[in-house]
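Q: I'd like to learn how to read strands, sheets and helices in a model like this one. Could you walk me through it?

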Amino acid sequence: MPLNIFVLAKQVIDPEMPRSAFQVDRENRRVVTPPTLPPVVNGFDENAVEAALRIKDSEPAEITVISMGQSFALDVMKKPLSMGADSLVLLQDDAFDNTVDSFAVARALTAAIQKIGPFDLIIAGRQASDWDNAQVPLAVAELLGLPSVTIGKKVEVGDGRVTVERQMPDGTEIVESPMPALVTVSNELGQPRYPTLRGIMAATRKQPVVWSLEDLGLDGEQLEPQVETVDLYVPVTEADCEFIEGEDDADAGRLLALKLREAKLV
Amino acid sequence: MADSAGVLVLAETEGGALSPTAAELVTAGLEVAAGLGLPLSVAMAGSDVEATVQEAASLGAQRVYAVEDGILSTDKPELLLEAWAQICRQTNPAVVLIARTTAGRDLAPRLAARLGVGLAQDCLEVKVDEDSGRMIAHRPVYGGNAMAAVVCNGTPQMACIRPKAYEPCEPDDSRTAEVVSLSITLDESMARVKLVERVAEESEGVRLESAKIVVAGGRGLGSPEPFKDLEVIAGLLGAGIGASRAAVDAGWVPPSWQIGLTGKTITPDLYITVAISGASQHMAGCSGSKVIVAVNKDAEANIFKEARYGVVGDWEKVMPSFTETLRELLS
């Protein structure tokens, strides 16, 4: 029996976009971006796909990627398939808009996971680069009653257990959990692989399974937000930088040191 | 069931003492408690919490809940999670505050889900809205490019607060608190995740989180070698050394050097950045610095928007003379 691995992935606004393209629509409490700017798969979620693929590199595994949103750029969300994942399940509904909070997202994902069937491991990115909540995977684990391990930089399975090397502030720790379990991973896992031409061709032929709120057996009431955003604004930063200029760059370096001394900072 | 805990701080403990973040949570909690007209309680759960009771009282808690159980240990977060859940169920708080530490940021979302309520994650500020009588939490989103004000609808309202967002409150040993012991039920089988090994990274330098001066380099340095020059500066200044995520992802320096949203949060008096552009994800980890100094060749770099002193120039030319001048000044 191959291992069944589910990867949770989110489509987000490209966090590498130019700062000038980032606009907040305060009235509607959402971020707006130019229509020409394509979304991306959340970076940490690409790490999650990579973690799953590394397991599949060494033993038989079936990787299902699950994503939830109001609408998707299909070519973007197919990237995990072109990297080597086997199938894609999209939870798509008008109800899954930006006001949905982490707990509601976790509920919908949990319903989808239960609908897909048994699994050994769920892998997700440590947090999404839009709302930076780092909550959904842990809430899913709680709703499914699974053990959870966060911020993995190495994920290995064997004998019904998952072993995770975690990045800690001053070193690493290795923990072990029985499966099924949920693991989140971070950028320390390393660069996700690039899609191969063969992978891209295979992904073109695959069609995602698309489920609505109703398909999940949920109604809008179960998605009522527990956390409501009442304001969204751009923080004000004080721009009072004193630029140190010299005859040339080397002179500016010398003057900078003198300035820090004068200001009693060194 | 005991009376409502009011505003409840769930404090972490380390080696029989309160973690440093507890005093910060009490500062935040006292403000919220005053706004709601409720008492402030602090709860600790651990294998050795006796000494923390007076500590919590001296910080200004009106009520202290102590749960002592020999099987609780920092290596078994699932037991602490269940202990916190039982404390919340027994004490009926209106608000629960947790520190977003390495442990707290994992425990808080599961605790919220276990209690069936929402959580305001990674908050910089919590305050009470006078009209609604609810706590509003302000938190950075989109990598710090925007701030969201959020309200949790259920009870308790729960917030996870970023370390160092609040000043620690001053302890006063003459303060006393009502001490309530709670009885909770834990068993070893709840701890499914087991610690196998902990490997501390060799660090010769100053601890980043508590350093008074920090020197850091970014993507613009182009290779690992220039970090040697930054280490010289750090040595002269007795400073900690760090890096942006780009430099860590490139493999130039160890992950423990990373400053930013997904790295360390620093609050030095002086933060010297070299070839760091200052993306908001980086600034999220250093915006508490008193004075930021930036050396970057791009005059439009975001770092200059938050820096107090800046040099627009090539670090390869700026830094050697900076270092030499420092050496002369400090000799």
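Q: In which sense do strand E5 of chain B and E12(B) pair, and over how many bridges?
A: Keep in mind that this is a predicted model. The general idea: strands of a sheet pair through backbone hydrogen bonds, either parallel or antiparallel. Here, E5(B), residues 63-68, and E12(B) pair in the parallel sense, over four bridges. To see one of them, look at Val64(B): its bridge partner in E12(B) is Val179(B).

Q: What is the order of the strands in the open sheet of seven strands in chain B?
A: Read across it and you get E7-E11-E6-E1-E4-E5-E12, with parallel pairing. Strand E7 (120-123) and strand E12 (178-181) of chain B have a single partner strand each, so they stand at the edges with one side left without a neighbour in the sheet. Ignoring direction, neighbouring strands here are turned by 25 degrees against each other on average.

Q: Which strands does helix H2 of chain B touch?
A: Helix H2 (residues 50-59) of chain B packs on this sheet and touches strand E4 (40-46), E5 and E12 of chain B. Its direction makes about 165 degrees with that of E5(B). Helix H4 (residues 104-115) of chain B packs on the sheet too, touching strand E1 (7-11), strand E6 (95-99), E7 and strand E11 (157-161) of chain B. For H4(B), the angle with the direction of E11(B) is about 170 degrees.

Q: How is the sheet with E14(A) put together, parallel or antiparallel?
A: That one is an open sheet of four strands, antiparallel, in the order E14(A)-E10(B)-E9(B)-E8(B). Strand E14 (227-233) of chain A and strand E8 (125-129) of chain B stand at its edges, so each has one side without a neighbour in the sheet. Neighbouring strands are turned by 30 degrees on average, direction ignored.

Q: How many bridges join E9 of chain B to E10 of chain B?
A: Six bridges join E9(B), residues 134-141, to E10(B), residues 146-152, and the two run antiparallel. Within that pairing, Ile136(B) stands opposite Val151(B) in E10(B). Helix H1 (residues 21-36) of chain B packs on this sheet, touching E8 and E9 of chain B, and its direction makes about 5 degrees with that of E8(B).

Q: Why is helix H5 of chain A largely enclosed by the rest of the structure?
A: Count its buried residues: seven of the nine in H5(A), residues 136-144, are buried, so the rest of the structure largely encloses this helix. Among them are Val136(A), Leu138(A) and Glu142(A). After H5(A) comes Gly145(A), with a positive phi near 70 degrees.

Note on methods
Residues are numbered from 1 along each chain as its sequence is written. Chains are lettered from A and ligands numbered from 1 in the order in which they are written. This is a predicted model: local features need pLDDT of at least 70, side-chain atom pairs count only at pLDDT 80 or more; totals for chains, interfaces and linings use all residues. Side-chain values use heavy atoms; hydrogens and water are left out. Two strands pair if DSSP finds at least two bridges between them. Axes are lines fitted to C-alpha atoms, for helices over the stretch in contact, and angles run from 0 to 180 degrees between N-to-C directions. Contact means heavy atoms within 4.5 Å. Buried means under 20% relative accessible area, exposed over 50%, partly exposed in between (1.4 Å probe, protein chains only).
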